[in-house]
Amino acid sequence: MDPIGQLHAGDGDALVRLIADAYHDEPGPDLPWALLDGLADLLGRDTLVTYTSYAPGQLRWDHEQVVLDAGEHWSTTETEYDEPDGWFSEWWTHPLCSYPQRTGDLTSIVTTTDFVATADEDDARRRWFGDIRTHMILSLPAAPGVVRRVLLARREWPGFDERDRQVVALLRPHVQEIWLDAERRRAGVPELTSREWEVLALVGSGLSHAEIAARLVVAVSTVRKHLEHVRERMGVHSAAAAASIALPHAPTVLRPRAR
């Protein structure tokens, strides 16, 4: 069966609205709350939605942002360390928890039922998650040794069906871009046009104004005008300074290119 055929009527429109709401909402501590709230509403059935970032090799929790049962919000950016015999001691051996990092597969949407036949077989889940019976993982790109993901949870078994998986799979490519946009806004980087980002990316790659103009097939004066506009909006005096501040928050497709 075509997986897209498993979606409910209106799911596509709901996803479009959810993504638009996320871009228009405040950036939030990590992701805009509109993204997490919208995902909880779209999946329904008391789905708990969490954004989390941690470094299992260092026993370190970094960020957590949670939509609780009643739609309440909770978040922390305080670094916490797990005891050596705590949760991280079982993280690598748990078939679901560590699957994306063990395999390098950050694109598949995986659930507890992909690895465990019955809820009773998952002893680690019972120890660490209490009455939560199933999880689904949406993985995000991260620095080496760091795990970033949106974690979805339910108290029922089997919890998530293929429609839920497909909804999350369709949303997944947008979540990283929404996070990058939120990071840009938190850093105070102004919203730039696609061409301004492209010119900055080429500056960051070390190209001269003439080389950028040749690459983009525009006049050198046009390149200078773009960079002047960016410098004025960012309050800096050089294109290099603008690139160093803005490029860490650029859309993925417009990151600096190798020469």
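A salt bridge is taken here as a side-chain nitrogen of Lys or Arg within 4 Å of a carboxyl oxygen of Asp or Glu. The structure is a predicted model, in which local features need pLDDT of at least 70 and side-chain atom pairs count only at pLDDT 80 or more, while totals for chains, interfaces and linings use all residues. Residues are numbered from 1 along each chain as its sequence is written, and side-chain values use heavy atoms, with hydrogens and water left out.

The protein has 10 helices and seven strands; helices (H or I, at least four residues) and strands (E, at least two) are DSSP runs, numbered from the N terminus. Of its 259 residues, 46% count as buried, where buried means under 20% relative accessible area, exposed over 50%, and partly exposed in between (1.4 Å probe, protein chains only). Among contacts (heavy atoms within 4.5 Å) between residues at least 6 apart in sequence, 61% join residues at least 24 apart.

Asp30 is buried yet has no salt bridge, and Arg186, the nearest side chain of opposite charge, is 5.1 Å away. For charge, Lys and Arg count as positive and Asp and Glu as negative, whereas His and the chain ends are not counted. Leaving aside residues up to four places away in sequence, Asp30 touches Tyr51, His63, Gln65, Trp179, Ala182 and Arg186.

The backbone deserves a look too. Most residues other than glycine have a negative phi, and most peptide bonds are trans. Trp157 and Pro158, however, are joined by a cis peptide bond with omega of about 5°, and Pro158 sits in the loop between strand 7 (147-154) and helix 6 (162-186). Leu59, in the loop between strand 1 (48-55) and strand 2 (60-67), has a positive phi of about 55° and is partly exposed, with a relative accessible area of 27%. Val217 also has a positive phi, near 55°, and is exposed, with a relative accessible area of 72%.

Val217 lies in the loop between helix 8 (209-216) and helix 9 (220-234). The axes of these two helices, lines fitted to C-alpha atoms over the stretch in contact, with angles from 0 to 180 degrees between N-to-C directions, come within 8 Å and cross at roughly 110°. Helix 8 is therefore roughly perpendicular to helix 9, a term for angles of 65 to 115 degrees. His209, Ala210, Ile212 and Ala213 of helix 8 meet Val220, Val223, Arg224 and Leu227 of helix 9.

How values were computed
Angles under 35 degrees count as roughly parallel, over 145 as roughly antiparallel, 65 to 115 as roughly perpendicular and the rest as oblique.
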